[in-house]
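Please read the points below beside the model. They are set out as a colleague's note, with each term defined where it is used.

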Amino acid sequence: MAGYVREVSRRIFAQEFRESNLTFKDGDDQYSPQYLLTPTGAKVNRLFIVGTLIEKEDIGTDSEYWRGRVSDPTGSFMIYAGQYQPEAAQFLAECETPAFVAIVGKPSTYTTAEGTVLTSVRPESISLVDGATRDLWVADTAKRTLERIKDLDSMDPNVIKAKEHYGADNTQYSSMVKEALRSLKEDI
Amino acid sequence: MDKTAENIKNRFLELGVEIPIENITERLDKLVTKFKVPVDEARRSVIAYFLKEYNIDRNDFFTGQASTPLVKINEVNEGGKWVNIRGKVVQLWDSTHESVSQVGLIGDDTGTTKFIKWARDDVPDVQEGKNYQFNNVVINEWNGRFEITLNKNTVIEEISEDIDVASTALSSPGDGQPAPMVSVADITEDGKWISLKVRVSQLWDNTHESISQVGLIGDGTGTIKFIKWTSAGLPDIEEEKSYLFNNVVAQEWNDRFEVTLNKNSTIEELDEEVDIGTSSVTFSGVMVDVQSGSGLIKRCPTCNRALTKGACMEHGKVDGVYDLRIKAVLDDGNIAQEALLKRELAEQISDMTLDDAISMAADALDQGVVLDQMKLKLLGKYFIVTGSRMDRYILVDSIEQQAELSPETIDELISEAEVL
């Protein structure tokens with residue numbers, strides 16, 4: 001395992017995740033990890049989200065295949081768990097909605113016939129958490145997102161690639177962060 | 001690059017093949033300029049291409065070269081080149097791997113350089129202090145430095161001439177000049193000779209007869225593994241005592257650093273006490289994984305190692321002793337940090353005692369339920385740990401769940417967002 005470094009779980013709000021559509025591989029190898037590059041330049045192979053599981057549905061035909069919708073202050077994440085995510089699928093089968101959940105998972109993308117890229121999350125683990133953890137996550141994600149927005153002037157190749165692809169205007173994301181933070185103040 | 005191309009052309013010419021220089025230059029240029037291949041690698045690749053093209057045996061190309069030049073050691077500065085060298089074996093080091101039969105330093109009046117002799121190549125051994133002519137050795141670039149590799153075509157002749165070796169600026173221990181004193185945290189360069197003031201924190205079971213002692217030493221900045229070779233002939237050191245290690249070598253092994261004590265090293269016991277790892281670290285993050293090997297485990301009663309499938313790596317099948325531990329990954333969005341929690345802390349945060357865990361496992365006829373229970377309890381939650389750093393782990397001394405978000409933190413973040 002020499003040289004193996006675990007992929008960090010990035011913190012992305014649902015709005016930014018939904019608006020991401022650029023995937024790339026770090027190398028030509030079939031085993032090279034795949035990344036999703038977000039508008040603020042996060043290079044995502046794994047992400048950590050906490051939000052409210054607001055819907056769940058078994059959309060599988062022969063075997064169970066669960067779809068869930070997890071919302072945060074800015075929008076919602078779609079999550080999909082089937083036979084290859086047995087623990088997550090079992091969790092979704094048994095849990096009640098709505099519920100605060102914490103998810104560690106991999107980003108995945110699907111391109112529709114019209115060419116729209118849809119993003120979703122394939123959970124590695126899901127667990128029930130409390131509202132305090134959810135608030136910590138919003139603040140945590142706000143902080144990391146602000147860091148990325150500040151870094152948008154840097155010469156980091158991922159940042160440059162993100163700006164080329166999504167455009168250099170990031171005002172929507174700083175206001176997204178502000179609104180997410182303000183929503184916390186209303187709760188407390 | 002033109003020179004490299006010309007060299008290749010000339011070498012092929014000697015084998016009776018004329019390759020237009022443009023063909024060579026073009027290939028080299030494409031690799032180097034367009035595909036950013038290092039020159040040495042490009043040269044190797046170009047040669048391989050033409051060897052195949054003209055159906056020439058590699059060995060014919062690389063050996064039997066009447067023209068292998070005799071070079072001085074300060075001319076050892078072009079990777080991939082075949083040379084002859086006259087030099088004295090200044091030092092033989094302890095080989096760290098069975099595939100290396102001998103490794104050390106050779107020198108002449110212009111300098112010294114490292115050499116490696118591989119076990120597979122069946123070349124006779126050299127002796128420290130003797131002089132030799134090495135024919136057909138290869139210069140290699142390794143971690144930014146040049147060294148000499150012996151191979152199966154190498155011929156070593158002992159010579160009667162006594163070669164004067166230049167005392168060079170290379171980091172070898174000179175007479176009476178101890179290597180520079182550093183802290184454990186500053187050990188970042190492979191192959192560097194250093195001196196350390198440390199305390200022995202652990203002595204481990206010895207795994208090989210060529211090793212006299214192995215364990216963990218540390219100072220205020222951290223801890224590091226050390227190996228004392230039997231051939232070093234040094235006195236034994238004791239746990240919890242502090243020592244001055246002079247002229248030890250920092251080595252990188254599997255991405256980690258360790259220090260080795262060899263026969264040029266000395267050990268002096270210190271009167272002062274060196275404190276280890278007073279610099280404890282704090283890390284806040286989400287527990288994103290509880291790794292396998294966590295939960296209810298069994299340890300070897302003799303050496304305390306965790307058992308795998310009921311067997312100890314060292315002592316074979318043994319009656320293990322139950323223990324509880326957590327190998328966690330904490331993630332703050334920028335770093336994924338591994339953390340080790342021993343029994344008391346594992347019991348505290350997962351809200352079960354070792355006895356609970358044992359009976360839980362007995363009921364389910366499966367140790368795995370304990371790990372599942374821990375995951376359920378811990379994953380996705382924010383923690384703060386403090387502890388000391390060891391390799392890639394934090395050995396945790398205390399762990400707490402993060403406090404609820406305060407209105408002040410929110411205000412700070414909002415004002416940060418507003419200035420953007």
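1. Setting aside neighbours within four places in sequence, B:L341 is in contact with B:R325, B:I326, B:A328, B:A346, B:V396 and B:I399, where contact means that the C-beta atoms of two residues, placed from the backbone, lie within 7 Å. B:L341 and A:I103 touch the most other members of the largest nonpolar core, which has 81 residues. Such a core is a set of buried Ala, Val, Leu, Ile, Met, Phe, Trp, Tyr and Cys residues joined through C-beta atoms within 7 Å, and a residue is buried if 20 or more other C-beta atoms lie within 10 Å of its own, exposed if 12 or fewer, and partly exposed in between, with C-beta atoms again placed from the backbone. A second, separate core of 21 residues includes B:I217, B:A232, B:V248 and B:V259.

2. On provenance, this is a predicted model, in which local features need pLDDT of at least 70 and side-chain atom pairs count only at pLDDT 80 or more, while totals for chains, interfaces and linings use all residues. Residues are numbered from 1 along each chain as its sequence is written, and chains are lettered from A and ligands numbered from 1 in the order in which they are written.

3. Chain B has eight helices and 22 strands, helices (H or I, at least four residues) and strands (E, at least two) being DSSP runs numbered from the N terminus. Of the 420 residues in chain B, 30% are buried; among its contacts between residues at least 6 apart in sequence, 57% join residues at least 24 apart.

4. Helices α6 (residues 354-364) and α7 (residues 368-378) of chain B pack at an angle of about 120 degrees, with their axes 8 Å apart. Axes are lines fitted to C-alpha atoms, for helices over the stretch in contact, and angles run from 0 to 180 degrees between N-to-C directions. That angle makes α6(B) oblique to α7(B), since angles under 35 degrees count as roughly parallel, over 145 as roughly antiparallel, 65 to 115 as roughly perpendicular and the rest as oblique. B:A357, B:M360, B:A361 and B:A364 of α6(B) make the contact with B:V369, B:V370 and B:Q373 of α7(B).

5. Two loop residues of chain B deserve a check of their backbone angles. B:L365, in the loop between α6 and α7 of chain B, has a phi near 55 degrees, a positive value in a residue other than glycine, and counts as exposed, with 7 C-beta neighbours inside 10 Å. B:E240, in the loop between β11 (222-229) and β12 (242-253) of chain B, has a phi near 70 degrees, likewise positive in a residue other than glycine, and is exposed, with 11 other C-beta atoms within 10 Å.

6. Between the chains, 33 residues of chain A are in contact with 28 residues of chain B. The largest share of the side of chain A that touches chain B, eleven residues, comes from α3(A).

7. In chain A, three strands form an open antiparallel sheet in the order β1-β2-β3, where two strands pair if DSSP finds at least two bridges between them. A:L36 stands opposite A:V44 in β3(A). The peptide bond from A:T97 to A:P98 is cis, with omega near -10 degrees, and A:P98 lies in the loop between α2 (86-94) and β7 of chain A.
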